[in-house]
Amino acid sequence: MDIFRLKNKKRISCFLSMVIIGALAVSGCAGNEQPGEAASGFLKHKEHKNYIVENPLKFERIMVDAEGNPLEDEADEGGDFYREYGILKVSGLRDKAVEKKINDRIAEKFKECVGSLPAYRGIKILLGDEKQLLNENIYTYQSFNCNNVLSVVMERNAGYRNESDGEKGDDVYFSQTETMNFDLNTGEEIGFSELFGDEEAYKYLNDSVKAFLSENNAQEEQGEDIYGTLIQTKPFEKLDSEQKYYLNDSYINLVMDYETPEFQTNMNSYSISIPWSQNIYLTENYFSESEDIYESDEPLAKCLIADVSGEEKRIYSYENEEGVEMMVRGSYRSTTPEFIQEKIEAFSANGFQGIDKELKKYYRQAAEECSRENCYGSCMKTVNVSAFGGYINYEEGIYASVTGHQSSWADTITYFDKNKSTQSVYRKSDSKKMELEDFFKNRQDCEKLVKEAMVKAVQRNFEENSGWISKDEALKDYVFGEGENKEKDLRFIDKMYDNICGMSLSGTYMSFLAENFSKGEEIFREIYGEDCPFSENSYIFTTGVYRLKYSEIGCENLSIFE
Amino acid sequence: MGNLKGRKYLSVLLILMTVLAAVFSGGCSADKNDAENGENSRDNSMELGFTAETLPIIDGATALAPYYEAMAAELLGMDVSEARQYTLCSKTDGAYENLIAGKADMIFCSMPSSEQQEMAAEAGVEFETVPFLNGGFVFFVNKDNPVDSLSVEQLHDIYAGKITNWKEVGGDDVKIVPYQRPNNSGSQTGIYKYVISEDEIMEAPTEMKIETMGEIIDAVANYENSEGAIGYSYYYYVANMHNSDEIKLVQIDGIAPSDETIGNGTYPIINPSLMVINKETAADSPIRDIVKWVLSDEGKRVARENGYIPIEK
């Protein structure tokens with residue numbers, strides 16, 4: 001009977017424990033707040049702008065040793081093994097105490113990471129008591145830097161050899177992703193539970209993860225090992241309040257690794273990326289245009305938010321007609337407006353616009369001169385759709401060519417080469433096809449502002465390629481340099497502007513299309529009377545002129561941010 | 001009253017002992033003496049006293065990892081996040097390979113395939129298998145589908161393409177869309193094993209997918225909960241399905257899959273999970289102590305706490 005009494009006592013204490021644990025869970029006093037219950041956050045559905053504002057921070061990548069001390073040389077050759085460690089230093093905040101807090105945290109995270117064993121399944125069995133480091137690499141970068149929020153990612157790859165029992169055992173390699181998401185107002189990290197403005201956004205993220213797992217058969221133990229495969233060990237219920245995450249311009253990325261045991265990730269970290277959409281977006285809880293927390297006096301640089309919501313739809317067809325490959329390829333998302341989907345259907349169904357007949361004629365000629373096995377003819381029709389900040393980019397193209405060589409050592413002869421493409425932008429709200437002037441608050445400013453931005457783009461491209469080209473040397477004679485070509489420079493820019501025949505928008509750029517890829521080179525030759533210099537970097541004077549940052553045009557001049 | 005309660009607990013204990021004895025005498029390969037001692041294994045984490053150094057090497061299927069990791073935590077007296085670093089998770093194929101190669105001492109998996117048995121025979125290894133969990137292989141349809149129950153034969157004919165309309169099995173005049181899973185997945189192995197052979201099954205609905213490098217492949221289409229759809233999976237996972245509120249589980253021969261019907265084996269399509277060890281394992285090996293622990297009340301408690309259904313009969 002005593003035994004039964006003891007067991008009853010055990011049951012009672014067990015019951016009481018459960019009640020206490022339950023009460024703690026309900027009241028949240030365990031300090032483990034459920035994500036959906038958070039009162040504030042910067043992710044919230046429905047109320048949002050179509051853009052985010054880049055933080056004018058400066059980033060310096062510093063190579064360090066295992067203790068975190070800066071190195072002069074880039075890599076630390078550690079005897080029998082190789083290691084390379086890079087951390088990030090942030091500057092540009094007015095409040096230096098906040099800046100220090102952020103940099104100290106990055107340095108601290110590095111120290112936590114370096115030389116540690118992440119708690120992956122089986123790692124201590126596989127490595128045993130004695131292990132030899134084979135290689136270790138830590139790379140730190142900023143994945144998101146907008147709206148006074150900074151996401152920093154620390155990627156670590158390492159390999160160890162099991163040398164237990166004095167024997168050379170197996171090598172074990174693993175990857176690790178550590179993340180930090182800072183509120184730049186305070187330097188504090190933003191926990192996952194703070195992301196949510198309401199239950200609906202949290203539910204949306206959980207549902208998105210479930211949908212991802214279902215689409216990827218994650219509950220199935222696949223027979224073959226594929227790097228990075230994510231397999232569930234048990235049914236996924238919900239994201240933890242301390243879920244590891246980082247942001248980028250289009251996604252919230254949820255890191256699955258040793259901290260998410262409901263997944264088996266094979267000693268690698270794995271990210272599930274959930275796109276920003278009408279259900280989940282950045283709010284401006286941490287940001288106000290009127291409060292400047294940065295040292296920079298530069299005007300605000302705004303970025304349109306990419307809309308990658310919905311399922312990706314692919315268009316693909318392939319036929320081999322009389323030896324010529326005829327292909328149709330394209331992609332769009334299920335959320336693409338109906339009027340665009342109708343255009344896609346019409347374009348896909350509309351044959352090859354006569355190019356195929358011309359192509360086949362040249363293919364027959366090539367086949368006669370080179371024999372069939374030595375010639376190649378193809379015609380590819382493409383249609384692609386992307387969406388940024390309430391605008392839809394719609395691009396069509398036909399690319400056709402016939403090439404051949406008369407023997408295996410002979411030069412390739414191009415018999416036929418024809419490319420034709422169009423790029424248009426539509427406003428999602430009213431299906432309006434946009435003209436270039438429509439993007440400007442004052443339509444009459446359009447030409448002047450675009451031409452000025454083109455010059456800035458050339459100068460930026462030189463800056464970005466300063467490793468290969470001396471900017472001073474290169475600009476001496478061309479495009480607003482100090483030489484005698486000023487008049488030619490203006491004519492070059494004018495001509496480039498006049499040849500714009502299409503456009504598209506991305507997060508930070510407005511891009512233009514000329515009739516063909518080599519148009520810029522032709523214009524350069526026509527104006528300056530010589531071939532475009534820096535042949536390896538000729539895009540600086542060609543496509544580079546057609547890719548303008550919004551900040552180069554001046555975000556304040558553009559209507560797309562209204 | 002005290003006496004009544006005492007008698008009640010005594011009778012429960014006796015029933016448990018009888019059930020456990022029945023399990024071991026009923027064809028499972030565990031040693032009979034081990035089974036008889038099974039009920040005495042409560043709190044034997046203390047008795048077993050494993051440390052990280054002495055714990056046998058445990059490996060297994062991904063879907064059973066939460067069980068054997070929790071088990072390791074109990075046996076080591078550690079938090080599970082620490083204990084799982086001392087157990088492997090090489091998936092079914094890898095776990096059998098490790099057991100055969102002597103790189104694992106015991107594995108937690110489904111039944112070995114004929115290939116795995118052949119591989120073991122070639123290596124001179126004989127498996128000793130001990131069932132310890134029951135799982136159900138389940139079929140699901142749209143919640144508005146009026147068909148509640150199907151027989152295994154009807155399921156066979158649906159997946160053979162012989163029954164093509166729900167009206168043929170008492171439902172609406174709606175075409176049946178029988179979804180399948182990728183060929184090397186656990187669920188597809190399940191349907192081949194329990195319902196229809198690989199030779200007989202009809203072609204799966206596919207969707208075009210683009211793999212890396214632009215390669216186009218026809219991939220098995222994912223289950224879409226359309227009016228005429230039918231799909232399958234393991235009971236353990238169904239709660240996780242994205243649209244689980246919109247689907248209903250199909251009864252097989254009038255028996256609905258549930259913890260009870262799967263646990264007591266009345267549900268017709270049962271998929272047991274096994275502990276597998278090398279038959280040559282010594283009688284006094286700590287590996288056999290773990291087998292006993294898994295079959296004990298303590299082992300069953302850990303199973304239930306982790307969402308599994310321990311074998312009760």
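**View 1. C375(A), a buried cysteine without a disulfide.** In this predicted model, C375(A) is tucked away as a buried residue, with a relative accessible area of 9%. So what's going on with its sulfur? C375(A) takes part in no disulfide, and the nearest cysteine sulfur belongs to C370(A), 6.2 Å away.

**View 2. C379(A), another buried cysteine.** Is C379(A) buried or exposed? Buried, with 0% relative accessibility. Its closest cysteine sulfur is the one in C375(A), but at 15 Å that's too far for a bond.

**View 3. The five-stranded sheet of chain A.** Here's an open sheet, with its strands in the order β16-β17-β18-β19-β20 and mixed pairing. Look for the edges at β16 (312-321) and β20 (413-427), each of which pairs on one side only. From one strand to the next, the twist averages 5 degrees.

**View 4. Zooming in on β18 and β19 of chain A.** Strand β18 (residues 375-388) and strand β19 (residues 391-404) run antiparallel and pair over 14 bridges.

View 5. Helix α5 (residues 338-349) of chain A lies across β16, β17 (324-333), β18, β19 and β20, running at about 175 degrees to β18(A). Helix α6 (residues 355-370) of chain A lies across β16, β17, β18, β19 and β20 too, and runs at about 155 degrees to β20(A).

Definitions and conventions:
Residues numbered from 1 in each chain as written. Chains lettered and ligands numbered in written order. Predicted model: local features only at pLDDT ≥ 70, side-chain atom pairs only at ≥ 80, totals over all residues. Heavy atoms only, no water. Pairing = 2+ DSSP bridges. Helix = DSSP H or I, 4+ residues; strand = E, 2+ residues; numbered from the N terminus. Axes fitted to C-alpha atoms, helices over the stretch in contact; angles between N-to-C directions. Contact = heavy atoms within 4.5 Å. Disulfide = S-S within 2.5 Å. Buried < 20%, exposed > 50% of the residue type's maximum accessible area, 1.4 Å probe, protein only.
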